[in-house]
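Hi,

Here's the structure I promised to pass on.

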Amino acid sequence: MTRFADLAPEEDFLTGAFELKHGKVLADTTQSRIDWLISDRLDLIATSADGWTSYYRDPADNRIWQLGFSDTSAH
């Protein structure tokens with residue numbers, strides 16, 4: 001698996017996206033990094049009842065990160 005950069009102290013917001021290429025849905029670089037962070041670096045601490053929002057703690061500095069999904073129904 002690719003290793004990405006850990007979260008930097010000045011980072012406070014990441015926006016990833018998915019793209020349709022050659023008939024496949026692929027994550028862009030930022031989304032791939034987010035996926036790596038939540039699977040390898042951040043600790044899951046809570047998930048909303050509807051399952052659309054999750055909260056993670058960065059063990060490096062104890063910051064809390066919120067993972068959510070934008071409303072794509074308007075597009």
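Let's begin with charge: the protein carries 13 negative side chains and 7 positive ones, and the centres of these two sets sit 7 Å apart. Do keep in mind that this is a predicted model, so everything here is computed.

Next, the layout. You'll find one helix and five strands, and if you trace the chain from the N terminus the order is β-β-α-β-β-β. Boxed along the principal axes, the C-alpha atoms take up roughly 40 × 30 × 20 Å.

What about the surface? The accessible area is about 5700 Å², with 54% of that belonging to carbon and sulfur atoms. As for the inside, 21% of the 75 residues count as buried.

Which residues make up the largest nonpolar core? There are eight of them: L7, I34, W36, L37, L42, Y56, W65 and L67. Helix 1 (29–41) and strand 5 (64–67) are the elements that each give two or more residues to this core, and helix 1 has the largest share, with three.

Setting aside its neighbours within four places in sequence, L7 is in contact with L14, R33, L37, L42, D58, R63 and W65.

Cheers

Methods
Residues numbered from 1 in each chain as written. Predicted model: local features only at pLDDT ≥ 70, side-chain atom pairs only at ≥ 80, totals over all residues. Heavy atoms only, no water. Helix = DSSP H or I, 4+ residues; strand = E, 2+ residues; numbered from the N terminus. Buried < 20%, exposed > 50% of the residue type's maximum accessible area, 1.4 Å probe, protein only. Areas by Shrake-Rupley, 256 points an atom, 1.4 Å probe, with all protein chains shown as cover. Lys, Arg positive; Asp, Glu negative; His and termini not counted. Charge placed at Lys NZ, Arg CZ, Asp CG, Glu CD. Core = buried A, V, L, I, M, F, W, Y, C linked by side-chain atoms within 4.5 Å. Contact = heavy atoms within 4.5 Å.
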